[in-house]
Amino acid sequence: MTISHAPKRSRMNRKSNLLTAVMILFVIYSVLPLVYLLVNSTKSQGDLLSTFGLGFGGSFDLFSNLSDLFTYDNGIFLQWFANTLLYVVVGAGGATFIATIAGYGIAKFDFTGKKAVFAIVLGSIAIPGTALAVPTFLLFSSVGLTNTPWAVIIPSLVSPFGLYLIWTYAVDAVPQEIIEAARIDGAGEVRIFFSIASRLLAPGIVTVLLFAIVATWNNYFLPLIMLSDPAWYPLTVGLAQWNAQSTGTAADPIQNLVVIGSLITILPIVIAFLFLQRFWQSGLAAGSVK
Amino acid sequence: MATTTLTRPRRRIRLAGWQFVAPFMILFLGAIVAPVIYAVYLSLFRDQLVGGNAFVGLANYVTLLGDEKFWSSLGRVTLFLVIQVPVMLVLGLVAALALDSVRMRWIPFFRIALFLPYAVPGVVAALIWGFMYGSEFGLAGSVNSLLGSDVIEPLSPQWILVAIANIATWQFAGYNMLIFYSALRTVPGELYEAAAIDGASPLRIILSIKLPALRGAIVIAVVFSIIGSFQLFNEPNLLKVLAPNAISSFFTPNLYAYTLSFAGQQYNYSATIAIVMGVLTGVIAYIVQLRGTRSEQR
């Protein structure tokens, strides 16, 4: 038995090298732009334009770029960072909470209109967010909500996909018997949710939170059209504006700040993904098995 | 007596169910349903020089049917969809199958390294690639000066769509890989054992076990990719700064709607485009889903 396996195993090992080599090419493609960003964050504006893209510049300017980033235009980058945090904490946090209780409600309760609610919500996943953005802008503008943080926060509070994930998760994660037992003990529904169900749902909640954070952190189109005052911009819109201002006729070239700003913008989210791997991977599994 | 004690808690529970769903539904109505209705309403009106804002019925839709700019933008995103989505999904599929095969090394490393681009905001992805594409200072420029001629010009009108497709592929191939990979992980091990006993080749296992197991995940990925392609906005809007000659104000339907709203103040017409694109996306996504699930039953 072992003897007959031996040649097979060596063939497998050879294949493993080929597969690994192909995958390494794929990895190079994936990380090349990030390497480019890292390398160029150490260059001055002059070196950025004149030296080879993947080589270092004449001097190491990472720290002077960083200090320029936080002082340029009275430190507006820091303001954008704070705005993004606000949109993420209120928008993604709120979206997660609202999607969680709704997903739990659909999974664990029988009520009239439940099927309709579920069908509408599922159907809405297919509605393109950007197709809604212009009408949402017009509607919000007619009620005076544009150019306020609410214009960015309210639309991000609705996460049909988050609801769907929690619903599929809650069906198995929260056994009906536990809920019934708590009811017999006289616990109210709200109490049952907060003291029992929410704990059982925790891994699903973290997954939804993570994806909501990515969505709000990366949000661009909605804030772009909703906000006209740069003081309310999130990082994405601010960086895009700096980039636009770097080219053209009346240009104030600050591409070095766009590069270092991009690096600072992706760092928190990349770190969050690295530390919460377990959660998003299980969440993707739940989402893919329909 | 007996009936009241039974029905009262049940009614209470029923009400509680609605309480849990209500906040979502209220926001859903305000942030999704209301804008849709408002857009439909807007699309039936037109600002006219004489008479101001007037009801025009379906006139905006008729105008849209004869609008060359709209058709060219729709053609462009369709071309994008037909080429970029298969490339991206096949890349993700191949990577997922490679990771799922027992013959791979460093699987956790590959998983995270390939997924990383998904965490990068679309704006930043477009900015970085835009810098790399730059013919004057970017990586493309460096390579060109090395070769002594302008071989690589991603920002030229002929190549700009490929350049944008590359950004989208870079961002989402790893994400799709993970979705496929997660679906593959749910295949019961006994199936592979049975296949091994039958002496099935690796290719046979992929075709008969793995691909059928992936059908649902592939359908979902296709649907999301269709939605993403028809919505294309961020990348062209950002690259426009670097390639003003290659990207027009009606490069994609979304960019066209955006330009009409914010540069032209033509809100009614812009709402018409939004509705037509929304319906089109919904219909195509629905057909794909229907076909995908129907062949699953076969």
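The axes used to describe helix packing are lines fitted to C-alpha atoms, taken for helices over the stretch in contact, and the angles between their N-to-C directions run from 0 to 180 degrees. In this predicted model, helix α4 (residues 107-119) of chain B packs against helix α7 (residues 160-185) of chain B at an angle of about 130 degrees, and their axes lie 6 Å apart. That angle makes α4(B) oblique to α7(B), and the crossing of α4(B) past α7(B) is left-handed.

On the α4(B) side the meeting residues are B:Arg111, B:Leu114, B:Phe115, B:Leu116, B:Pro117 and B:Tyr118, while those on the α7(B) side include B:Trp170, B:Phe172, B:Tyr175 and B:Leu178.

Between the chains, 81 residues of chain B are in contact with 77 residues of chain A. To the side of chain B that touches chain A, helix α1 (residues 2-43) of chain B gives the most, with 21 residues. The table sets out the classes of residue in these two contacts.

| Contact | Nonpolar | Polar | Charged |
|---|---|---|---|
| α4(B) with α7(B) | 10 residues | 2 residues | 1 residue |

In chain A, helix α10 (residues 202-217) has 16 residues, which at 1.5 Å a residue should span 22 Å, and its end C-alpha atoms are 22 Å apart, in agreement with that expectation. Because 12 of the 16 residues of α10(A) are buried, this helix is largely enclosed by the rest of the structure. Among the buried residues of α10(A) are A:Gly204, A:Ile205, A:Leu209, A:Phe211 and A:Trp217.

Conventions. Residues numbered from 1 in each chain as written. Chains lettered and ligands numbered in written order. Predicted model: local features only at pLDDT ≥ 70, side-chain atom pairs only at ≥ 80, totals over all residues. Helix = DSSP H or I, 4+ residues; strand = E, 2+ residues; numbered from the N terminus. Expected span 1.5 Å × (residues − 1). Buried ≥ 20, exposed ≤ 12 C-beta atoms within 10 Å, placed from the backbone. Contact = placed C-beta atoms within 7 Å. Parallel < 35°, antiparallel > 145°, perpendicular 65-115°, else oblique. Left-handed = near helix turned anticlockwise from the far one by under 90°. Nonpolar A, V, L, I, M, F, W, Y, C, P; charged D, E, K, R; others polar.
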